[in-house]
Amino acid sequence: MILVFDVGGTGVKYGVSDEQGRFCLRDSFETPAAGLETFLNKIREIFLKTSKQWDIQGAAFSFPGEVHSREGIIRGISAVPYIHDVELKNLLSQRLGGLTVTMANDAKCAAMGELWKGVARNCKNVVFVICGTGIGGAVVEHGQLYKGVTMNRGEFGNFPMGGFKDGVLLTWSDYTLEKQARKYRKRKGIEEIVTGKELVCRSMDGDGLATELLEEFYYWMAVGCITLEFSFDPEMIAIGGGISANADIIRGIRLKTEELLDGQRPGYLRPNICACTNGNQANLYGALYYYLYHDQLEHTI
């Protein structure tokens, strides 16, 4: 059995699975704020607990940031600062009694999960756009996942969108549904938390500002998808993250894309926009997939 972890900025999902992706345990805990030592101790605690019931043969991790899988080091930035620039894979293996440990980027794991057991399982050329607070992504060509020279291929959230504002380059990640909800709260001057889902509800109830910000979200999602279509010419653009479970939002992205392309010179090529099907479990499947096949994958990603 394999112990699988999906580490995020606020929470860590984990489970125990066989090699076919059949999970016999799924659970979660809050991402420790205290630092690396607390995190490593929590991982060991879960290993010791699960080892009492199952024969744990290895551990697979999905992490945010610029994950250098072979080196076992995470560079760049993420919402979990203490995992960066340390020999993380070695430290984890030591806490897990010398078990084999693998680690891969979270957006890449989401893509591998969908290739293995999701919307893209019969595809060879797919672009993934993983939408949360920011935007991550992945590119699959000829059935292989490519990370690029610096492990930054597919970091679509850094696409420049909307030029400069107050000396800051705006990016695609500045227009996610959650970021639009934050803008709504700020412009309304309210204290209550407004989520992306709540923003959609307020728009449906006739709130003008919510509708304006939602339309801005659809606009930049459509522009991003059109850009990806002409950059990679994939079989599909698969939208993952929290919004993938909301059919109305996926439909809204499609409609805005069609609206922008209708009657335009680039309109002869229309993106095939689909929702990922594994939801917030895709990273667990992908981390497990990488653990099982990393030897074959290492020369291409």
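**Salt bridges, cysteines and a strand hairpin**

Visitor: How many salt bridges does the structure hold?
Guide: This is a predicted model, in which local features need pLDDT of at least 70, side-chain atom pairs count only at pLDDT 80 or more, and totals for chains, interfaces and linings use all residues. Residues are numbered from 1 along each chain as its sequence is written, and side-chain values use heavy atoms, with hydrogens and water left out. A salt bridge is a side-chain nitrogen of Lys or Arg within 4 Å of a carboxyl oxygen of Asp or Glu. By that rule the number of salt bridges is 16.

Visitor: Which helix holds both K42 and E45?
Guide: The side chains of K42 and E45 form a salt bridge, with N to O at 3.4 Å. Helices are DSSP runs of H or I with at least four residues, strands are runs of E with at least two, and both are numbered from the N terminus. K42 and E45 are three residues apart, about one turn of the helix, and the helix that holds both, at residues 36-51, is α1.

Visitor: Is K42 buried or exposed, or in between?
Guide: Buried means under 20% relative accessible area, exposed means over 50%, and partly exposed lies in between, using a 1.4 Å probe and protein chains only. E45 has a relative accessible area of 46% and is partly exposed. K42 has 25% relative accessibility, so K42 counts as partly exposed.

Visitor: Which residues are linked with R202 in a network of salt bridges?
Guide: E198 and R202 meet through their side chains at 2.9 Å, N to O. Both lie in helix α5 (residues 196-204), four residues apart, about one turn of the helix. E198 is partly exposed at 30%, whereas R202 is buried at 17%. In the network, R202 is linked with E198 and E192.

Visitor: What is the N to O distance in the salt bridge of R251 and D248?
Guide: R251 and D248 both belong to helix α7 (residues 247-261), where three residues, about one turn, separate them. R251 is partly exposed at 42%, and D248 is partly exposed at 46%. Their side chains meet in a salt bridge with an N to O distance of 2.5 Å.

Visitor: How many disulfides does the count come to?
Guide: A disulfide is a pair of cysteine sulfur atoms within 2.5 Å. C131 is buried at 6%, but its sulfur is 8.0 Å from the closest cysteine sulfur, in C225, so this is too far for a bond. C274 is buried at 15%, and its sulfur is 7.8 Å from the closest cysteine sulfur, in C123, again too far for a bond. The count of disulfides comes to zero.

Visitor: Which residue in β2 stands opposite V7?
Guide: Two strands pair if DSSP finds at least two bridges between them. Strand β1 (residues 2-7) and β2 pair in the antiparallel sense over six bridges, and a hairpin joins the two through three residues. The residue in β2 opposite V7 is V12.

Visitor: Which residue in β3 is the bridge partner of G11?
Guide: Strand β2 (residues 11-17) is mostly covered, with five of its seven residues buried. It pairs with strand β3 (residues 23-30) in the antiparallel sense over seven bridges. β2 and β3 form a hairpin with five residues between them, and G21 in the turn has a positive phi of about 80 degrees. In β3, the bridge partner of G11 is E30.
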